[in-house]
Amino acid sequence: MRGLGRFDEAQAHVERALAAFRAEGEAYNTARALTDLSEVLLAREEPGAALPLIDEAIRILSEENADQHVEHLRRLRERCSDLREE
């Protein structure tokens, strides 16, 4: 939905998934949902809201040794800085 510009719907779906993964204690899927939510927020040009989600996902995925995904999150983090400077 994010790719279609339907940000409200995308955000609602990801927030529901995030709540479910947190409730189940699924660290990896929680981090993936945090990533998806941060991407929606970045598409909405809300880097301030995305940044803490990215940092939480980096922390979780670093503990999971998901290096490739952590690198993706670091690039998203850089985008937050770029958007804030504009």
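**Labels and the values behind them**

Author: Gladly! The structure holds six salt bridges, and the model is a predicted one.

Reader: What makes the pair Asp-55 and Arg-77 a salt bridge?

Author: Their side chains come to 2.6 Å, N to O. The cut-off is a side-chain nitrogen of Lys or Arg within 4 Å of a carboxyl oxygen of Asp or Glu, so the label applies.

Reader: Why are Asp-55 and Arg-77 called partly exposed?

Author: Asp-55 has a relative accessible area of 29%, and Arg-77 has 33%. Buried means under 20% and exposed means over 50%, with partly exposed in between. Asp-55 is therefore partly exposed, and Arg-77 is therefore partly exposed too.

Reader: How do you know that Arg-59 forms a salt bridge with Glu-63?

Author: The closest N and O atoms of Arg-59 and Glu-63 are 3.7 Å apart, and the cut-off is within 4 Å, so the pair counts. Both residues sit in helix H3, and because they are four residues apart, about one helical turn separates them.

Reader: Which label does Arg-59 get, and which does Glu-63 get?

Author: Arg-59, with a relative accessible area of 44%, is partly exposed. Glu-63 has 57%, and exposed means over 50%, so Glu-63 is exposed.

Reader: What is the N to O value for Glu-71 and Arg-75?

Author: For Glu-71 and Arg-75 the value is 4.0 Å, and their side chains meet in a salt bridge. These two are four residues apart in helix H4, about one helical turn. Glu-71 is partly exposed at 37% relative accessible area, and Arg-75 is partly exposed at 45%.

Reader: Now the whole chain: why is it called as compact as a globular protein of its length?

Author: The protein chain has four helices and zero strands, in the order α-α-α-α. Its radius of gyration is 12 Å, close to the 12 Å that the globule rule gives for 86 residues, so the chain is as compact as a globular protein of that length.

Reader: What percentage of the residues is buried?

Author: Buried residues make up 35% of the 86 in the protein chain. As for the contacts with a separation of 6 or more, 51% are between residues 24 or more positions apart.

Methods
Residues numbered from 1 in each chain as written. Predicted model: local features only at pLDDT ≥ 70, side-chain atom pairs only at ≥ 80, totals over all residues. Heavy atoms only, no water. Rg over C-alpha atoms; globule rule 2.2 N^0.38 Å. Buried < 20%, exposed > 50% of the residue type's maximum accessible area, 1.4 Å probe, protein only. Contact = heavy atoms within 4.5 Å.
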